[in-house]
Amino acid sequence: MRKLLWGLGVVLAIPVIYIVVVLARGTAVDWRPEGVDAVVGSTGSASSAPIADSILTFLTWNVGYSGLGAEADFFMDGGNILLSRGMNIRMPQSDAERYTAGIVQQLANTKADFFLLQEVDSFSTRSYHDLQLERFRKTQPAYAAVFTPNYINERVPIPVMEPWRVYGEVYSGLLSMSRWLPTGVERHALPGRFPWPDQIFQLDRCALVQRHTLADGRQLTVLNIHLSAYDDGTVKQEQLRYLATFLIAEAAAGHLVVVGGDWNLVPPNFPYDQFIGDPEGRFTQQAVPQSFPTEDWTFVYDAATPTNRKTNAPYLPDSSFVTTIDFFLLSPGLRAVKTKVIDQDFRWSDHQPVYMEVVVE
């Protein structure tokens with residue numbers, strides 16, 4: 001009987017010991033960048049002259065680490081951190097490669113002055129250690145390219161109860177490419193952290209800020225952002241407060257500002273279920289506050305086409321829940337003359353690219 005109880009105790013202790021070790025190791029090596037850091041990128045053959053163009057074009061796209069195309073479901077949207085419940089932790093490698101090829105083709109065939117990409121992987125388990133960062137850079141070889149990580153983790157141990165096939169190592173972040181050499185690039189760490197132990201394995205959100213000189217002497221400041229997901233809204237509110245302070249200061253200094261990216265929020269006063277009804281409120285999406293950061297700024301989005309689908313199941317055009325969380329924000333002195341979601345039926349990512357043309361006034 002003693003041997004039986006002892007054996008039972010050992011069996012029960014193994015998962016406890018595993019969880020303790022995972023949390024201890026995760027806490028010890030947790031990457032926690034803070035403040036503002038300079039970023040150095042590749043220059044290509046980008047022009048170092050001031051920007052003289054009166055119309056500038058932008059593309060923002062969360063490429064979903066080439067792992068969330070139309071066939072993908074994702075365990076965090078239908079399972080939980082303990083069990084995948086039969087959902088995908090990562091897609092088969094053949095699908096991931098197909099998604100990457102589609103993304104590369106779209107980027108190579110798009111004419112834009114600025115590309116703002118989110119969830120770009122480099123040597124991550126979830127994307128089979130593919131060097132996406134280099135592959136995406138090569139789609140615009142003449143452009144200046146800057147990258148900053150917002151997710152570095154040596155081993156994301158979820159689903160916790162399936163340690164033989166966890167999410168694994170992640171190195172991912174934001175990539176911005178531009179026709180002109182920026183005069184300066186900064187990584188601004190965004191505030192707000194999840195409670196421990198979730199914070200160990202969550203993204204460390206940031207804004208990638210690049211600065212350009214215009215021919216008339218003014219400065220153009222371009223922000224690439226990816227705000228928090230899977231929070232109750234409080235983390236995103238902290239991040240918005242930080243951004244508001246920064247944006248107001250930039251405008252007060254006479255700079256023109258473009259913000260683009262994945263907000264994980266819908267635009268002000270935009271119905272989150274505009275494209276497909278959600279009477280049960282399963283996918284409630286909060287909105288950016290009205291008049292953010294002040295009432296003279298302009299949100300720019302395509303109200304006719306969604307930019308994001310929920311990944312609780314593979315994509316079905318008539319039933320998948322879709323909404324708009326990818327868009328631009330312009331300071332006074334800039335005016336959008338065209339914005340369009342490039343509708344791909346979510347073939348390559350759970351997000352669709354958004355294109356914008358802007359007049360410098």
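Reply: Val 258 has its bridge partner in strand 13, namely Leu 330. This is a predicted model, and in it strand 9 and strand 13 (residues 326–330) run antiparallel, joined by five bridges. On another side of the story is strand 8, which pairs with strand 9 (residues 256–262) in the parallel sense over seven bridges. To get from strand 8 to strand 9, the chain passes through helix 5 (residues 234–252), making a right-handed β-α-β crossover.

Now look at strand 8 itself. Strand 7 (residues 206–213) runs antiparallel to strand 8, with seven bridges between them; Leu 208, for instance, is partnered with Asn 224. Five residues lie between these two strands in their hairpin, where Gly 217 takes a positive phi near 95°.

How buried is strand 8? Eight of its eight residues (219–226) are buried, so the strand is largely enclosed by the rest of the structure. Gln 219, Thr 221, Leu 223 and Ile 225 point one way, while Leu 220, Val 222, Asn 224 and His 226 point the other way.

Stepping back, these strands belong to an open sheet of seven strands with mixed pairing, in the order 1-6-7-8-9-13-10. Strand 1 (36–38) and strand 10 (298–300) are at the edges with a single partner strand each, so one side of each has no neighbour in the sheet. On average, neighbouring strands are turned by 20° against each other, ignoring direction.

Terms used: Residues numbered from 1 in each chain as written. Predicted model: local features only at pLDDT ≥ 70, side-chain atom pairs only at ≥ 80, totals over all residues. Heavy atoms only, no water. Buried < 20%, exposed > 50% of the residue type's maximum accessible area, 1.4 Å probe, protein only. Helix = DSSP H or I, 4+ residues; strand = E, 2+ residues; numbered from the N terminus. Pairing = 2+ DSSP bridges. Right-handed = clockwise from strand over helix to strand, strands pointing away. Axes fitted to C-alpha atoms, helices over the stretch in contact; angles between N-to-C directions.
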